[in-house]
Amino acid sequence: MAGMGIGNWLLNGVEKAGNKLPDPVFIFVWLIAVLMGVSVLGSTQGWQVVNPVTQDVIQAQSLFSGENLRKLFEEMPKTLTGFAPLGYVLVVMLGAGVAERTGLFGSAMKAGVRRVPKGLLTPIVIFVGIVANHAADAAYVVLIPLAAALYAAAGRHPVAGIAAAFAGVSGGFSANIFPGQLDALLLGITEPAAQLIDPSFSINIAGNWWFIAGMTLLFVPVGWWVTDKIVEPRLGTWTPVPGAPIEDADNPLERQQGRGLVWAGLAAALVIGLFAWLVLSPGAPLIDAEAETSAARLQPFYHSLVAAFFLLFLLAGIAYGVAAKTVRNHRDIVKMMSQAMADMGPYIVLAFVAAHFVALFNWSGLGPIMAVAGAEQIRGLSGIEPGSTDPIGAGLLFLLLVAIVLVSALINLFVGSSSAKWAFLAPILVPMLMLVGVSPYMTTAAYRMGDSTTNIITPL
């Protein structure tokens, strides 16, 4: 009981502290104010470093200088529209919004978890929850109560179903079997951060694919064991409530829904086939035949993946909607896309202040200065000679990545928005670790690990 008292006291403290934090939009407003003040200090003190990659001298610039103030006001529209994550996410969501509103995501989730063997119910629910993150909030709304009803229909405690689905949807937030809108969002923030050191760096939306797939393979068995061996036994015996509408969860899909899923699968195969032809055909448009390396030759394909996911969600959603009678005419499609953009309103507001924070950070020169200084400190700890471009040792690299995971997990208790946290962490962490031989994709993956870890325990 004493332990429970301490635990409750800690959780209450976290919740009270989190509730006192302002909206992430105003967190960025405060960060911009602090940044402008620090830029003046750095400029007057003559802070400067030499970029070890380009050998350029980088000096701290006052954000109150005439040039930077003029740039701030003249380029305000360009700063927002040029914010890489904004375009990536809006394009993907134009398609995903249609797939969600036609009912494709909900039917696909139900089809994925109904009539599975009782012993395999937990891993299937967790796996579907992870994959359903492509449906954003729809996964919370549809899958979690559906899992409770499925567990009840199978004679198992419905709270265990809620726990399993919540673990998949929330704890497995950064896992998946293929990239989606979250990859576009976070890696879009990584790109300008990496360009502080390497202006030629170009993002690949599939840069974390192996990581998120590996997370899926790891998280499903772990979540299965925790749910079945720890969570469900602690819930005790469950007695069904007479008359509860649990039978609906195990009912088959309606005929129109089943036909819609078949049509959606055909549409998805069509999109996949189209992009396979664009990559594999003679004179393939999405291959740079003149590039020297295989990675460079695939750059056009990587850059087209946002469009690929847009078409995948859009055409699969339309095909489902036509077959399931949730799309009557072309006006319904336009309406669904408009509603998806309306739902993105809060994100656009956040993107406005985040874009200006990132831009001001770049103009101040403080990002590279902090990155180079931090990298030199890391090199000193690793014993590598100052100025060397050799990568750091595996042991120190492991500790650095673990530190990023822990810091991200801690901040996530108080700031829920994944993009908001990464927008103010990336300009420091990404270039700093690039200078000691760590890929921007690796740094992003470490952040994503920490960010998803505490999703299921944050009071916010």
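The side chain of D228 makes a polar contact with the side chain of W224, at 2.9 Å. A polar contact also joins the side chains of D228 and R156, again listed at 2.9 Å. The model is predicted.

**D228 and its surroundings**
- D228 sits in helix α11.
- Setting aside neighbours within four places in sequence, the contacts of D228 are T122, R156 and P233.

**Surface patch**
- Helix α11 spans residues 209–235 and holds L218.
- L218 belongs to a nonpolar surface patch, together with V222, W225, V226 and I230.
- The accessible area of these five residues together is about 450 Å².

**Largest nonpolar core**
- The largest nonpolar core has 105 residues.
- Within this core, F28, F83, F357 and W422 touch the most other members.
- Helix α17, residues 345–364, gives the most to this core, with 12 residues.
- F357 is in contact with F28, L31, I32, L35, A423 and F424, leaving aside neighbours within four places in sequence.
- One of these contacts, F28, is also among the residues that touch the most other core members.
- In soluble globular proteins, nonpolar side chains tend to be buried together.

Note on methods:
Residues are numbered from 1 along each chain as its sequence is written. This is a predicted model: local features need pLDDT of at least 70, side-chain atom pairs count only at pLDDT 80 or more; totals for chains, interfaces and linings use all residues. Side-chain values use heavy atoms; hydrogens and water are left out. A nonpolar core is a set of buried Ala, Val, Leu, Ile, Met, Phe, Trp, Tyr and Cys residues joined through side-chain atoms within 4.5 Å. Buried means under 20% relative accessible area, exposed over 50%, partly exposed in between (1.4 Å probe, protein chains only). Helices (H or I, at least four residues) and strands (E, at least two) are DSSP runs, numbered from the N terminus. Contact means heavy atoms within 4.5 Å. Patches are made of residues with over 30% relative accessible area and no salt bridge: like charges are joined within 9 Å, nonpolar side chains (Val, Leu, Ile, Met, Phe, Trp, Tyr) within 5 Å. Accessible areas come from the Shrake-Rupley method with a 1.4 Å probe; for residues, only the protein chains shown count as cover. A salt bridge is a side-chain nitrogen of Lys or Arg within 4 Å of a carboxyl oxygen of Asp or Glu. A polar contact is a pair of N or O atoms within 3.5 Å; within protein, one must be able to donate a hydrogen and the other to accept it, and residues adjacent in sequence count only if both atoms are side-chain atoms.
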